[in-house]
Amino acid sequence: MFGYSMVQMVRTHADKLEKPLREEILNGYRPFKWTPCFLHRMFEGYVKKRKKLSLVVEFEENYYEADCIKLHEVLERHRGCKFKHDFGRISCCSAQVTPSGLEDLLTQCNHIKKVYLNHEVNALLDVAVPAANAHNIVRNRASLTGKGVTIAIVDTGIHPHQDLNGRITGFVDFINDRSEPYDDNGHGTHCAGDAAGDGAASNGKYRGPAPEADVIGVKVLDKIGSGSLETVMQGVEWCIKYNEEHPNNRIDIISMSLGAAAQNFGSENQDPMVKIVEAAWGAGIVVCVAAGNEGPEPKTIASPGVSDQVITVGALDDKNTADTRSDDEVAKFSSRGPTIYDVTKPDILAPGVNIVSLRSPGSYLDKAQKTARVEDHYFMLSGTSMATPICAGIVALVKQRHPEDSPKEIKGRLMRNADLLWKDKNPNIYGAGYINGEKAIN
């Protein structure tokens with residue numbers, strides 16, 4: 001097996017190829033076990049030129065532009081290869097490449113730092129809002145509602161629900177390239193309501209913490225709630241560019257209820273999904289990310305929640321009691337830290353069990369989980385996916401009250417003022433504690 005050229009290429013460039021990509025290439029040789037030896041060379045030639053690999057290529061800093069030119073030249077020489085998207089601010093780009101093209105690329109481009117497989121990424125309000133002390137907060141005789149603050153929901157889209165009427169101020173679709181707001185899965189619509197639903201269809205009963213905040217739908221996941229590293233990076237990059245083009249009407253918060261199992265790159269800062277969310281954070285956008293639903297085992301925090309900068313949100317079960325906290329506990333499914341890089345996570349907990357929020361009629365979840373429907377316009381879901389936009393909604397209230405605060409300052413406010421209710425106080429289970437909107441705004 002080691003005589004095959006692609007196997008030799010993997011061994012030669014192993015330090016530049018992430019493990020899942022190496023495995024993907026080598027797995028192409030498994031069928032050779034059951035084919036006659038005299039056919040192997042012909043089959044390998046076929047695989048090298050016909051197999052399509054969807055990749056994200058990272059270059060060393062300061063060499064991106066020069067090596068990107070070489071990359072284009074290489075791709076033009078190989079049939080079936082094409083450049084897809086540019087992520088220059090983090091020295092990355094995405095491309096479709098054959099194994100033969102990849103071999104040429106690694107030979108010609110001297111400053112490739114790492115090549116990643118474009119792996120799959122998946123989607124991970126009744127008493128939840130008052131339980132988090134984020135209901136009817138008043139400062140200077142004015143009620144804080146998130147007015148003037150914009151939250152980008154990077155997810156499956158947003159259905160134009162009446163509880164968001166007039167407040168979906170933007171929409172972009174990296175899956176089907178549609179221009180009008182929609183949600184064929186339902187997850188993103190629920191998350192938008194968790195953060196900013198105003199309860200119009202329920203006389204205010206099912207209302208998010210920021211009922212007057214604006215929302216922007218950034219669709220990076222498809223009908224079944226699945227996307228890729230590339231689509232997520234496109235979505236976050238779009239938010240950064242949006243702010244550059246609209247300096248007076250910025251996105252203040254990104255809510256990301258999605259993720260993938262974290263891979264060990266030696267440092268979380270080498271993870272391309274972490275790189276893009278930290279670029280948004282550095283550009284002044286508060287990023288709230290789901291911890292994941294792989295608990296109760298330790299070291300199950302998903303990417304990009306492994307970032308040491310963004311706000312990683314775990315899920316709390318408030319037992320459907322807004323006024324009593326003595327029975328509250330961490331949801332069993334909520335992922336625990338430390339991260340695979342031994343960083344303490346999650347940062348904070350928010351309600352995430354049996355959350356009633358907006359329904360997207362006819363969507364994938366709506367059809368698959370009919371018993372989760374609540375009345376005509378709402379839907380019940382659980383997960384750190386729900387806790388994350390509730391946290392984002394509370395961040396909107398903090399941002400309304402303290403518009404000049406940086407993402408780091410807002411994260412500090414949330415963590416310093418969280419309620420730590422548990423005796424063992426393990427930060428890799430509880431983070432800083434249970435989010436408290438009222439205290440965080442003081």
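**View 1. C93 is a buried cysteine.** At 0% relative accessibility, C93 counts as buried (under 20% relative accessible area; exposed is over 50%, partly exposed in between; 1.4 Å probe, protein chains only). The model is predicted: local features need pLDDT of at least 70, side-chain atom pairs count only at pLDDT 80 or more, and totals for chains, interfaces and linings use all residues. Residues are numbered from 1 along each chain as its sequence is written, and side-chain values use heavy atoms, with hydrogens and water left out. The closest cysteine sulfur to that of C93 belongs to C68. The two sulfurs lie 4.4 Å apart, too far for a bond. A search of the whole structure finds zero disulfides (pairs of cysteine sulfur atoms within 2.5 Å). C239 is also buried, at 0% relative accessibility.

**View 2. I254 sits in the largest nonpolar core.** A nonpolar core is a set of buried Ala, Val, Leu, Ile, Met, Phe, Trp, Tyr and Cys residues joined through side-chain atoms within 4.5 Å. The largest one has 97 residues. I254, M256, I311 and L414 have the most contacts inside it. Helix α11 (residues 384-401) gives the most to this core, ten residues (helices are DSSP runs of H or I, at least four residues; strands are runs of E, at least two; both are numbered from the N terminus). Neighbours within four places in sequence aside, I254 is in contact with A152, V154, V236, C239, A280, I285, V286, V287 and C288 (contact: heavy atoms within 4.5 Å).

**View 3. C68 belongs to a second, separate core.** This core has 26 residues. Among them are L55, C68, L71 and L75.

**View 4. Three strands form an open sheet.** The order is β18-β20-β19, with antiparallel pairing (two strands pair if DSSP finds at least two bridges between them). β18 (355-358) and β19 (373-374) are the edge strands, each pairing on one side only. β19 and β20 (residues 378-381) pair over two bridges. R373 has F379 of β20 as its bridge partner. Helix α7 (residues 187-196) lies across β18 and β20. It runs at about 105° to β18 (axes are lines fitted to C-alpha atoms, for helices over the stretch in contact; angles run from 0 to 180 degrees between N-to-C directions).

**View 5. The protein chain as a whole.** Its secondary structure comes to 14 helices and 20 strands. Of its 442 residues, 58% are buried.
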